[in-house]
Amino acid sequence: MSLKDTVEKKPWVGWVLFLLTVGVVYLLGVFSSTIVERRTESSLVNKPKIKINNLEPRNEVWGINYPREYETYMETKSMDFRSKYNGSAMIDMLDEYPALVILWAGYKFSQDYNQARGHYYAVEDIRNTLRTGAPMNGKHSPMPNTCWTCKSPDVPRKMKEIGIAEFYSGHWEERGSDIINPIGCADCHDENTMKLKITRPALIEAFERQGKDITKATHQEMRTLVCAQCHVEYYFNSDKPKKGVPYLTFPWDNGTTAEEIEEYFDDINFKDYTHQLSKAPIIKAQHPGYETYTKSIHYQRGVSCADCHMPYKSEGGVKFTDHKIQSPLNNIANSCQVCHRESEEDILKSVYNNMDRVLHNRGKLEEILVKTHLEAEFAWKQGATEEQMKDVLLDIRHAQWRWDYAAAAHGAAFHAPVEILRVVGTGIEIAQEARMKIRSVLTELGYTKEIPIPDVSTKEKAQKYIGVDLPKLRAEKKLFLDTVVPKWLDEAEKRESKMPQYDQAVNAEPKSKEKEQTASMLNK
Amino acid sequence: MKLLRYFTPPDPWKIPVFGLLAALLGLGIYTLNIANAFSYLSDEPEVCINCHVMNPQYATWQHSSHREVASCNDCHVPQTSVFEKYWFKAKDGLGHSYMFTFRLEPQVIQIKSEGAQTVQGNCERCHEQLISEVNLADNEEIFHGDGKYCWDCHVETPHGSVRSLSSTPQAQVPNLGSPVPQWLKKLQESE
């Protein structure tokens with residue numbers, strides 16, 4: 001007997017089946033909505049107190065929603081750590097390495113060059129450095145607005161407002177009141193999802209030219225790429241994409257080794273400056289941190305910048321990413337020992353062991369380069385011709401580029417010791433080549449005695465030799481900082497007072513304290 | 001065929017019965033869809049955070065060196081054979097979905113005996129060489145996890161020591177996408 005017959009004979013069986021199905025459909029519906037409800041929960045786990053606006057540049061506003069990240073970020077203020085070679089305090093690198101004055105003669109770096117402090121000081125320090133000059137009373141800064149690009153979350157805000165090329169054009173002092181908040185939240189994060197985000201066009205464009213799509217990067221890759229927006233080698237291209245605009249460009253079209261970047265610059269005949277003493281067309285390396293890091297064993301094993309420079313931290317049973325971006329040597333337990341189970345002492349020893357050896361050879365190259373520049377200068381004084389010096393100058397250009405590639409990013413000696421030793425090795429070879437060529441030029445000119453080398457062994461002596469008038473530059477700078485910068489800050493305060501204010505935020509700090517904090521940030 | 005004939009309803013019943021069965025099927029598909037049911041067949045670590053309960057575990061693993069070589073299933077599901085793997089997954093998964101649906105999950109999730117044996121087995125699977133080198137292989141008790149597990153000493157591997165639901169409130173984990181299709185969203189926006 002089939003079900004059909006049963007139902008025909010006893011309809012109540014049919015009704016029971018019907019109602020049972022209704023019950024099952026109902027329960028299934030309830031089940032679906034519990035799933036939906038619990039899915040929604042995940043977005044409530046981290047319920048923010050306020051809605052952060054697109055490209056919000058004020059870090060303290062983000063801090064209302066993410067107090068732990070903000071507090072640790074604010075710790076980049078600290079200047080109390082010193083490792084063997086670097087640290088979080090400002091270090092006068094010209095004083096430490098007087099050779100740099102000679103290597104950069106004719107370039108502003110020979111006036112003033114410090115090892116940088118934390119992100120918190122980004123805006124303050126670019127105002128302070130002698131390299132940006134003292135633009136006052138109609139006199140322009142020697143630097144373009146492009147120099148602001150990496151200093152602040154105000155940059156993406158302004159770029160969105162006026163356009164990328166427009167942002168880069170003009171003199172540095174023109175954006176003084178616009179760029180106020182130091183490197184922070186909006187530089188790397190999306191305000192809605194907190195996902196990592198690339199905000200600087202140069203990196204996206206460099207990826208595009210290499211046929212790579214940066215939007216396809218994984219979360220782990222992004223934890224390196226957000227740093228690569230700034231910690232890279234770059235130059236200002238005044239031809240492309242807009243004539244006359246110093247457009248921030250990464251020279252990665254051939255690749256990112258020292259040789260590949262050198263070839264790129266040679267092909268387009270680019271130089272940052274002509275050396276004051278040797279007349280060599282020099283490429284100044286900026287800070288190829290990303291380029292050198294990608295040649296390292298840590299990178300090959302999938303370790304990102306953030307893994308060591310922003311390790312996980314727990315506080316009162318809560319875990320989060322430490323936003324005090326700093327040397328891992330100041331936090332070996334959380335940075336290195338997550339993977340390396342050796343003692344702190346052993347780890348430190350092996351780090352310094354690598355760095356000592358790399359820096360020894362880099363120092364040798366530095367010494368040789370100083371001699372090469374001074375000897376080339378002597379050859380010019382003896383009456384050498386452009387034709388005679390052509391090869392020498394190209395060698396000096398290549399050797400100094402390799403030295404700078406190894407030196408400029410500070411961390412390269414640890415990040416990629418093997419690659420850096422290789423690059424320094426080729427630099428030494430090329431520089432010695434140049435010295436031999438200078439010797440034969442001098443012989444052709446009939447000079448066979450020893451080449452006299454002036455005493456440039458300290459910062460003062462070296463700067464005196466190349467004619468840097470430090471007291472004058474410093475006095476101008478002081479006047480600029482005392483008169484122009486306060487005006488910038490006033491303008492900025494007026495502008496920011498029109499942005500949404502968040503005093504009413506639930507559980508936010510008392511109004512007075514927040515204001516005080518903001519004020520102390522602005523007065524810095 | 002015979003079975004189908006057995007279940008065929010009488011003529012006047014046909015339309016409501018088909019309607020209701022179609023609703024059942026449709027709702028069933030919808031439930032499978034919003035629950036990401038098919039993703040559970042894969043080994044992607046993101047599957048384990050379909051429900052947010054495992055976010056701390058995901059985030060802590062993501063910050064450990066194991067993320068380069070082993071994802072959730074490599075440790076927490078037996079890798080001895082494909083049958084054992086899916087049997088374990090089905091058994092464990094049903095248990096988890098039951099706990100989750102009825103909100104029975106504890107604040108601090110702790111591994112149970114069967115899970116611990118599985119993880120121990122997988123520690124040994126990859127680190128066999130290491131264990132034999134340090135001469136633990138002879139110590140039957142330790143090698144088989146009777147009494148001692150690897151993580152009794154290696155406490156922080158790989159999840160660290162803090163594992164409660166509230167311990168990683170701002171951990172970056174990939175969130176589930178919305179089940180609402182793109183075209184509907186666009187339609188809603190335009191209105």
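Buried area is the accessible area that two parts lose on being put together, summed over both. I note that first, since my opening look was at how the two chains meet. I also remind myself that this is a predicted model.

**Entry 1: the interface**

I looked up how much area the chains hide from each other. Chain B and chain A bury about 4100 Å² between them, and carbon and sulfur atoms account for 60% of that. On the chain B side, I found that B:W13, B:H63 and B:Q170 lose the most area to chain A. Together these three make up 17% of what the chain B side buries.

**Entry 2: polar pairs and the face of chain B**

I then checked polar contacts, and eight residue pairs join chain B and chain A in this way, both residues being at pLDDT 80 or more.

**Entry 3: salt bridges**

Side chains of opposite charge can pair when their charged atoms come close. With that in mind, I went through the salt bridges. Over all chains the count is 40, and three salt bridges cross the interface of chain B and chain A.

I looked at two crossing pairs by name. In one, the side chains of B:R67 and A:D307 meet at 2.6 Å, N to O. In another, B:R103 meets A:E37 at 3.9 Å, N to O. Where do B:R103 and A:E37 sit? B:R103 is in the loop between α5 and α6 (113–133) of chain B, while A:E37 belongs to helix α2 (residues 11–44) of chain A.

**Entry 4: chain A on its own**

I turned to the record for chain A. An unreviewed UniProt entry lists residues 12–31 of chain A as "transmembrane region". In the model that span is 100% helix and 0% strand, and its end C-alpha atoms lie 28 Å apart.

Last, I looked at the domains. Chain A is divided into domain 1 (1–29) and domain 2 (59–325 + 342–497). How many Å separate their centres, taken over C-alpha atoms? The value for domain 1 and domain 2 of chain A is 78 Å.

Notes: Residues numbered from 1 in each chain as written. Chains lettered and ligands numbered in written order. Predicted model: local features only at pLDDT ≥ 70, side-chain atom pairs only at ≥ 80, totals over all residues. Heavy atoms only, no water. Buried area = accessible area lost by both parts, 1.4 Å probe. Salt bridge = Lys/Arg side-chain N within 4 Å of Asp/Glu carboxyl O. Polar contact = N/O pair within 3.5 Å; in protein donor to acceptor, adjacent residues only side chain to side chain. UniProt positions renumbered as here; feature names shortened; annotations may be inferred. Helix = DSSP H or I, 4+ residues; strand = E, 2+ residues; numbered from the N terminus. Domains from an automatic or database assignment.
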